[in-house]
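I opened my notebook to look at how two chains sit against each other. Here is what I looked up, entry by entry.

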There are 4 protein chains.
Amino acid sequence: MSRIHVPIRLRWNDLDAYGHVNNAAMLTLLEESRISVFWGAGDLRVDGVNDAEAPIADTRDADTITLVARQEVEYLAPIPYLREPLDVQLWIGRLGGASLDVCYEVCSPEGAEPAIVFAKAATTIVLVDAASGRPRRITEREREAWASHIDAPVAFTKRS
Amino acid sequence: MSRIHVPIRLRWNDLDAYGHVNNAAMLTLLEESRISVFWGAGDLRVDGVNDAEAPIADTRDADTITLVARQEVEYLAPIPYLREPLDVQLWIGRLGGASLDVCYEVCSPEGAEPAIVFAKAATTIVLVDAASGRPRRITEREREAWASHIDAPVAFTKRS
Amino acid sequence: MSRIHVPIRLRWNDLDAYGHVNNAAMLTLLEESRISVFWGAGDLRVDGVNDAEAPIADTRDADTITLVARQEVEYLAPIPYLREPLDVQLWIGRLGGASLDVCYEVCSPEGAEPAIVFAKAATTIVLVDAASGRPRRITEREREAWASHIDAPVAFTKRS
Amino acid sequence: MSRIHVPIRLRWNDLDAYGHVNNAAMLTLLEESRISVFWGAGDLRVDGVNDAEAPIADTRDADTITLVARQEVEYLAPIPYLREPLDVQLWIGRLGGASLDVCYEVCSPEGAEPAIVFAKAATTIVLVDAASGRPRRITEREREAWASHIDAPVAFTKRS
């Protein structure tokens with residue numbers, strides 16, 4: 001039930017000539033938040049947990065490649081350059097056999113006023129065995145590690 | 001009914017360490033195809049039309065900003081480095097009051113065997129008046145220019 | 001005399017298909033380290049100083065644009081993906097009238113063994129008044145703030 | 001003696017929030033021009049030659065990796081968004097044993113008035129055998145192919 005908060009720092013050239021984070025750069029921010037969680041790189045915080053560690057372990061090893069099968073993003077407000085890291089909130093919206101849906105809300109830096117949700121998004125990840133190139137089952141250890149971060153998927157409201 | 005074919009050349013660093021076009025770079029390729037069509041930069045070809053010109057005129061001017069409100073991508077096959085330009089096929093899936101849905105199939109270079117559809121995608125664009133920052137109506141001239149490129153929206157099959 | 005240490009986190013797609021940080025991405029890493037120092041975004045550490053703050057103040061304001069006039073990079077070792085931030089060491093190699101040379105050594109994460117210098121680089125920055133678009137003098141306050149970070153410029157050994 | 005002209009199309013997000021091509025994106029443009037020449041991807045034109053082909057053959061094969069050892073850029077004028085491709089002019093400034101210096105002038109689109117040189121640059125490339133990871137000699141065939149494109153190296157005027 002608990003979201004993982006990943007602080008993601010903007011880079012100056014994430015912005016395009018409109019002065020806002022480019023729509024493609026948004027996917028890079030999502031990718032970086034996944035990497036913090038899946039590979040244990042970077043910092044993160046879990047609601048109600050002190051000194052939380054990256055909960056998602058077995059995908060860190062070199063035997064697994066994580067392929068992106070699908071992405072959906074709703075851009076709710078343009079993101080200007082921010083000195084403080086964005087608060088990317090991440091959870092698991094669906095846990096399948098060899099794939100999972102990662103859900104996100106890209107929020108203003110923690111503590112910033114007013115709090116803004118800049119984007120909602122979801123990514124379908126397929127776990128692939130690096131040697132065979134074929135999808136591999138989510139392990140029991142992964143299911144356990146991720147269980148406490150499963151929640152309802154993003155409700156996209158702008159689908160036509 | 002007719003799709004617009006936009007040749008989009010890969011850049012070497014669109015690839016990430018997996019040796020495939022990065023998932024975020026895909027959105028940049030879509031953006032470039034929109035720019036060819038909306039701004040008249042780059043080359044394009046329309047099925048059954050000789051010496052086709054960019055059909056979409058009024059968004060070229062500096063008075064209009066095109067904001068991305070929503071994007072959805074299904075990644076069907078990884079894209080390796082290709083010397084020949086991708087054949088990004090683009091059409092209008094919906095024409096609203098101040099917004100429209102641009103649909104795409106990202107295909108292997110024209111003439112390549114076997115022909116591959118690497119991705120299907122859709123982008124919701126909102127036309128914004130640069131001066132006021134508010135959405136502006138699609139003009140009659142734009143409706144006429146785009147009319148022959150309206151077709152059924154992408155049928156996404158991987159939504160969970 | 002004291003170098004400023006700026007921790008710069010890699011992004012996954014800084015790597016290209018060779019599995020190393022792309023040569024162009026290197027300049028983005030340098031840019032991010034400058035921004036940490038010049039704009040006070042991000043963390044930094046100064047040798048021998050506790051709780052160091054960004055020393056370089058007046059360029060933070062919106063009245064000044066910092067233009068890059070020149071860059072030189074020697075790539076000494078390829079940078080693989082690293083979970084810990086690079087230790088970008090930065091100092092001032094020259095303080096002119098309206099321009100300055102920022103020097104860098106891009107090093108392995110602090111504490112990593114063996115310690116590696118991945119690159120040496122220098123950037124000539126021109127301070128430009130945003131309103132007039134013309135170079136503006138370095139202020140006395142800036143000279144004072146930067147004085148303790150002036151050192152000999154990078155000795156490039158690979159110029160032909 | 002003859003320069004190779006490589007048309008390089010900008011992408012919208014090569015621009016940063018200043019509305020100009022970002023300093024790091026410049027290196028990507030140079031990389032793309034090298035790839036057109038070294039790998040035979042993209043179009044090019046050689047002064048005084050009809051239907052010129054990419055002159056530089058043996059580096060196209062998968063057995064050779066081209067590493068960037070050094071780069072130097074003088075940014076002479078900011079590059080705005082341009083619909084027409086830049087005219088990147090490229091020649092060989094030095095041909096060593098296992099390395100070479102590629103020189104460039106990044107110019108406004110061919111035929112544009114006024115003609116602008118936006119940047120001058122040089123890249124030192126080392127040819128590396130992909131299997132052994134060690135530098136390999138430039139072949140006689142490469143020397144012949146490149147001979148007619150050797151000229152004086154860029155004279156950098158802004159070195160301090």
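I count a salt bridge when a side-chain nitrogen of Lys or Arg lies within 4 Å of a carboxyl oxygen of Asp or Glu. By that rule I find 2 salt bridges between chain A and chain B. In one of them, the side chains of A:Glu72 and B:Arg70 meet at 2.7 Å, N to O.

Ground rules: this is a predicted model, in which local features need pLDDT of at least 70, side-chain atom pairs count only at pLDDT 80 or more, and totals for chains, interfaces and linings use all residues. Residues are numbered from 1 along each chain as its sequence is written, chains are lettered from A in the order in which they are written, and side-chain values use heavy atoms, with hydrogens and water left out.

Then I looked at contacts (heavy atoms within 4.5 Å). I see 24 residues of chain A touching 24 residues of chain B. A:Tyr18, A:Asn23 and A:Arg70 supply 25% of the area that chain A buries against chain B (accessible area lost on being put together, 1.4 Å probe, summed over both parts).

Terms used
Buried area is the accessible area (1.4 Å probe) that two parts lose on being put together, summed over both.
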